[in-house]
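Today I am opening my notebook on aromatic rings. Let us see what I can look up together with you.

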Amino acid sequence: MNQSASNNLRLNSYWMPFTANRSFKKNPRIVVSADRMHYTKADGGMLLDGTAGLWCVNAGHRRPKIVEAVQRQIEELDYSPAFQVGHPKIFELASRLVELMPGELNHVFFTNSGSESVDTALKIALAYHRVNGESSRFRLIGRERGYHGVNFGGISVGGLGANRKMYGPMLTGVDHIRHTHDLTRNAFSRGQPEHGVEFAEDLERLVQLHDPSTIAALIIEPMAGSAGVILPPKGYLPRIREICDHYGILLIFDEVITGFGRLGAPFATEYFGVIPDIVVTAKGLTNGVIPMGAVFVKNNIYDAFMTGPEHLIELFHGYTYSGNPVATAAAIGTLDTYLDEKLLTRAGEMSSYWEDAIHSLCDLPHVIDIRNMGLVGAIELEPRSGEPTKRAFEVYLKTYEKGVLVRTTGDIIALSPPLIIEKEHIDQIFSEIANALKEVK
Ligand SMILES: Cc1ncc(COP(=O)(O)O)c(C=O)c1O
């Protein structure tokens, strides 16, 4: 076998997730190490991380407190059973995390990913109504263009056609409110768009259609990330909260992306001043280092389960790796890093520089919208006729070549750098994107 055939074989064994496998394997993009804001590519070139990995490396790469915590933990206690046995650090982590949460979100259930957190939250919502004597509430509502991971619960309430169309009927009893993306009225908004509070009334429509007594929960991202950064119009989230309260519907915020400082507050619930009943998190919880997710619930939800004979399991749900000691150590090291360096509010300090930088691209070719909030940004491009998504992906390839990692979803370039970013990194990101936009057809 010649060298290139053996290389091909090696690349082909791995079926890559959410990747155009054949095109990637013709021209692989491989990174071999990382430090703070940068990866090193296999060819030795530097790559500035404009996306915090996949929206998860909020403290930047290879941070010493996290590395040391993981190293120490693996030598001390590598694994302990998640069911009927505990280890000290998971109780410490839970107590510290709930302190970051506003209101009565005082209990936390651990998972291993955003997708598992979403499915856990949906199951807790359904089970809650049942233990609370309202088992007629079986319906789950999501939102168009929502992304809630890739498990069956998450794609059922999710609203991205491409993630759903191959997988049959999914969960029954699910419906969706409409999305809030409105380029005709809100293009080039800085921060929250002015128009669209009335989109919240779409929940009223579904309540009337299905009857409130059948609806268990509404799940939404307070700011939709993976669908291309869709920001909630002013007044929208408070109105959603009001409608849920009025009809006894649980409100679940999927904060897998917005959690842990992305918008400039520890969580979006605080940023927007709207407190849901359940908060779904993952990603930034461990800085992306070890898989872990966490679902926060209000006191009344937890308390509703804590009845009946004490020797009986209250919730038949959990994962072999829920609260895994090594993941727990990574989360504690991450939390220490966030707090020591005040990273959970740093996006607020950098956001006006970030906002001005991203909006400076508004007159460049193909740009039909720019939006931003905290350290999140999106540049929406006019799709090339007959070749949707290709123009944005060409920008991605060009900036990668020049040493800046961005992300694309459809024809939208999405940005979410580590929260340790400095002004010169921001300048570099937008100057490379500007160059690429001038070059692509
Ligand atoms: C809002 C949201 N929910 C859930 C998920 C799924 O997380 P994971 O990929 O860890 O399963 C993601 C991932 O991007 C997300 O953005």
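Which residues form one aromatic cluster? I found Phe260, Phe267, Phe296 and Tyr338 in it.

A note on the source: I am working with a predicted model, where local features need pLDDT of at least 70 and side-chain atom pairs count only at pLDDT 80 or more, while totals for chains, interfaces and linings use all residues. Residues are numbered from 1 along each chain as its sequence is written, and side-chain values use heavy atoms, leaving out hydrogens and water.

Next I looked up the aromatic pairs, and the structure holds seven. Rings of Phe, Tyr and Trp (its six-membered ring) pair if their centres lie within 6.5 Å; planes under 30 degrees apart are stacked, over 60 edge-to-face, and the rest tilted.

I picked Trp354 and Phe430: their ring centres are 5.1 Å apart and their planes stand at 65°, so I wrote down edge-to-face. This pair links distant parts of the chain, with Trp354 in helix α15 (residues 346–359) and Phe430 in helix α17 (residues 423–439), 76 residues apart. Helices here are DSSP runs (H or I, at least four residues), numbered from the N terminus.

Are Trp354 and Phe430 buried or exposed? Both are buried; that word means under 20% relative accessible area, with exposed over 50% and partly exposed in between (1.4 Å probe, protein chains only).

Then I turned to Phe393 and Tyr396, a stacked pair with 5.1 Å centre to centre and 15° between the planes. Both lie in helix α16 (residues 390–402), three residues apart, about one turn of the helix. Phe393 is partly exposed at 29% relative accessible area, whereas Tyr396, at 14%, counts as buried.

Conventions: Helix = DSSP H or I, 4+ residues; strand = E, 2+ residues; numbered from the N terminus.
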